[in-house]
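Me: I'd like to learn how to read a protein structure, feature by feature. Could you walk me through one?

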Amino acid sequence: METIIIIAVIVTFFAWRMKPAKGIQTISTAKAQEIINDKDKVFIDVRTPAEYKARNVRQFKNMPLGTDYSKLPKDKEIVVICQSGMRSMQACKQLKKLGFEKVTNVRGGMSAY
């Protein structure tokens with residue numbers, strides 16, 4: 001019985017961690033490719049400068065995780081990418097805390113691009 005409770009807690013924890021944060025949209029890399037030239041969106045890549053230099057999408061501006069995102073325009077949607085989608089989700093959460101309304105994470109990141 002105790003084993004079942006422990007397994008249930010672990011499964012619940014992982015399901016909770018994988019759930020998208022409130023107010024953050026998630027899109028596929030295919031959808032990102034469709035909207036890449038939309039002038040009403042700002043595209044940022046939160047990988048390190050070395051990762052960005054090795055391979056990048058021209059429309060994404062390199063702003064590594066931990067950068068001051070407060071200077072980004074709050075009236076535009078911010079689309080965030082990283083290598084796998086984990087760092088970009090952290091950046092999305094930071095952006096939401098800074099008061100950005102429209103924040104989108106690219107699921108799978110550059111690995112899926």
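Reply: Let's go through strands, salt bridges, cysteines and a surface patch in turn. This is a predicted model, where local features need pLDDT of at least 70, side-chain atom pairs count only at pLDDT 80 or more, and totals for chains, interfaces and linings use all residues. Residues are numbered from 1 along each chain as its sequence is written, and side-chain values use heavy atoms, with hydrogens and water left out.

Me: Okay, strands. Which residues of strand E4 point one way, and which the other way?

Reply: The general idea is that in a regular strand the side chains alternate between the two faces of the sheet. Helices (H or I, at least four residues) and strands (E, at least two) are DSSP runs, numbered from the N terminus. Here, Glu-77, Val-79 and Ile-81 point one way from E4, while Ile-78 and Val-80 point the other way.

Me: Is strand E4 mostly covered or mostly open?

Reply: We call a residue buried under 20% relative accessible area, exposed over 50%, and partly exposed in between (1.4 Å probe, protein chains only). Strand E4, residues 77–81, is mostly covered, with 5 of its 5 residues buried.

Me: Which strands pair with E4?

Reply: Two strands pair if DSSP finds at least two bridges between them. Strand E2 (residues 41–45) pairs with E4 in the parallel sense over 5 bridges, and Asp-45 has Ile-81 in E4 as its bridge partner. E4 also runs parallel to strand E5 (residues 103–106), joined by 3 bridges. There, Val-80 stands opposite Asn-105 in E5.

Me: How does the chain get from E4 to E5?

Reply: It crosses through helix H4 (residues 86–97), and this β-α-β crossover is right-handed. To read the hand, look with the strands pointing away from you: a crossover is right-handed if the path from the first strand over the helix to the second runs clockwise.

Me: And what covers the story of E5: which of its residues are buried?

Reply: Both faces of E5 are covered, with Val-103 and Asn-105 buried on one side and Thr-104 and Val-106 buried on the other. E5 also pairs with E1 in the parallel sense, over 4 bridges. In that pairing, Ile-27 stands opposite Val-106 in E5.

Me: Next, salt bridges. How many salt bridges does the structure hold?

Reply: Look for a side-chain nitrogen of Lys or Arg within 4 Å of a carboxyl oxygen of Asp or Glu; that's a salt bridge. The structure holds 6 of them. One is between the side chains of Lys-31 and Glu-34, at 3.7 Å from N to O. Those two are separated by about one helical turn, because they sit 3 residues apart in helix H2 (residues 29–35). Lys-31 is partly exposed at 38% relative accessible area, whereas Glu-34 counts as exposed at 62%.

Me: What about Arg-47: which residue does it form a salt bridge with?

Reply: Its partner is Asp-45, with the closest N and O atoms 2.8 Å apart. Arg-47 counts as buried at 2% relative accessibility, and Asp-45 is buried too, at 0%.

Me: Now cysteines. How many disulfides are there?

Reply: A disulfide is a covalent bond between the sulfur atoms of two cysteines. The rule here asks for a pair of cysteine sulfur atoms within 2.5 Å, and the count comes to 0. Cys-82 is in no disulfide, and the nearest cysteine sulfur, in Cys-92, is 9.0 Å away.

Me: Last one: the surface. Which residues make the nonpolar patch?

Reply: Patches are made of residues with over 30% relative accessible area and no salt bridge; like charges are joined within 9 Å, and nonpolar side chains (Val, Leu, Ile, Met, Phe, Trp, Tyr) within 5 Å. Areas come from the Shrake-Rupley method with a 1.4 Å probe, and for residues only the protein chains shown count as cover. Here Met-1, Ile-5 and Val-9 make a nonpolar surface patch of about 350 Å². Val-9 is in helix H1 (residues 2–18) and counts as exposed, at 53% relative accessibility.
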